[in-house]
Amino acid sequence: LGFFLLSFSAVLSSTFLNEQLNVHGKIGCILSILGSTVMVIHAPQEEEVSSLESMAEKLKDPGFIVFAVCVLVSSLLLIFVAGPRYGQSNVLVYVLVCSAIGSLSVSCVKGLGIALKELFSGKPVLKEPLGWVLLVCLVICISVQINYLNKALDVFNTSVVTPVYYVLFTTSVMMCSAILFKEWQHMVLDNIIGTISGFLTIVSGIFLLHAFRDMPFTPDLLPLFLQQGRTDLHASWRSADRHQSCQHQPLLPSEDKGSQSAEEEEEE
């Protein structure tokens, strides 16, 4: 959905804000929409989580605990070790922090959605501590994401930060969902291939949409075999110029010879 909205916003900005969308951007939008469609068709079915009790059991899973610890440790290393050294020169430092923490924020949103559903159904959700813990974790995760995403945007160009962030964020969310909700356990081979193919198609589309956004598309950028007509035209022009120059060349030496002979006669 995020990739689809990114492509849709590019089309809207080109339509209503008079921003130029070159050929690379149009191809990138088409690839993003096609990749999103393929990914939705082959999307894995997650296990049904209908209560906070089942959500708590998911969060206590050893695989998710290991994943969460790795995310937190790597984020702390990126913030306090790699950030001061390489944050101003490498776009991956701050974007990796946002992406890793974002995977945890998506899990918190899933848990809060279940809590709100139970609250509206009349269950005493406010008395359970898990809902409040998920809310506090969500606020912390979103605050960290906004902080370091703004730092990345202050240092690097938006056309560089945006595609890298979307790719890394989606990858981390897919990993977290696969570990927490066991989405990939019962998938058949064609759905796995379709999901990966759709994701790679989306990545290619986003790369074309943002990497070449400010590059004007001219015929000089076409491959050589597409420039055959232009090269033939230039060759004909050059041959015509050479033909004209060859026609004028005999006149110049004759004039020079005539002037030289006249000077010799005057001297004699």
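**Starting from Met55**

Let's begin with one residue in this predicted model: set aside the neighbours within four places in sequence, and Met55 is in contact with Val49, Ser107, Lys110, Gly111, Ile114, Leu180 and Phe181.

Met55 is among the residues with the most contacts inside the largest nonpolar core, along with Leu52, Val95, Val97, Leu104, Tyr148 and Val161. That core has 37 residues. Which elements give two or more residues to it? They are helix H3 (52–59), H4, H5, helix H6 (129–155) and helix H7 (158–180). H5 gives the largest share, 12 residues. There's also a second, separate core of six residues, and Cys29, Phe199, Ile206 and Leu209 are included in it.

Next, have a look at how H5 sits against H4. The axes of helix H4 (residues 62–86) and helix H5 (residues 92–120) come within 9 Å and cross at roughly 155°. Angles over 145 degrees count as roughly antiparallel, and therefore that's the label for H4 and H5. Their crossing is left-handed.

So who does the touching? On the H4 side, the contact is made by Phe64, Phe67, Ala68, Val71, Leu72, Ser75, Leu78, Ile79, Ala82, Gly83 and Tyr86. H5 answers with Val93, Tyr94, Leu96, Val97, Ala100, Ile101, Ser103, Leu104 and Ser107. Sort this contact by class and you get 16 nonpolar residues, four polar ones and no charged ones.

Methods: Residues numbered from 1 in each chain as written. Predicted model: local features only at pLDDT ≥ 70, side-chain atom pairs only at ≥ 80, totals over all residues. Heavy atoms only, no water. Axes fitted to C-alpha atoms, helices over the stretch in contact; angles between N-to-C directions. Helix = DSSP H or I, 4+ residues; strand = E, 2+ residues; numbered from the N terminus. Parallel < 35°, antiparallel > 145°, perpendicular 65-115°, else oblique. Left-handed = near helix turned anticlockwise from the far one by under 90°. Contact = heavy atoms within 4.5 Å. Nonpolar A, V, L, I, M, F, W, Y, C, P; charged D, E, K, R; others polar. Core = buried A, V, L, I, M, F, W, Y, C linked by side-chain atoms within 4.5 Å. Buried < 20%, exposed > 50% of the residue type's maximum accessible area, 1.4 Å probe, protein only.
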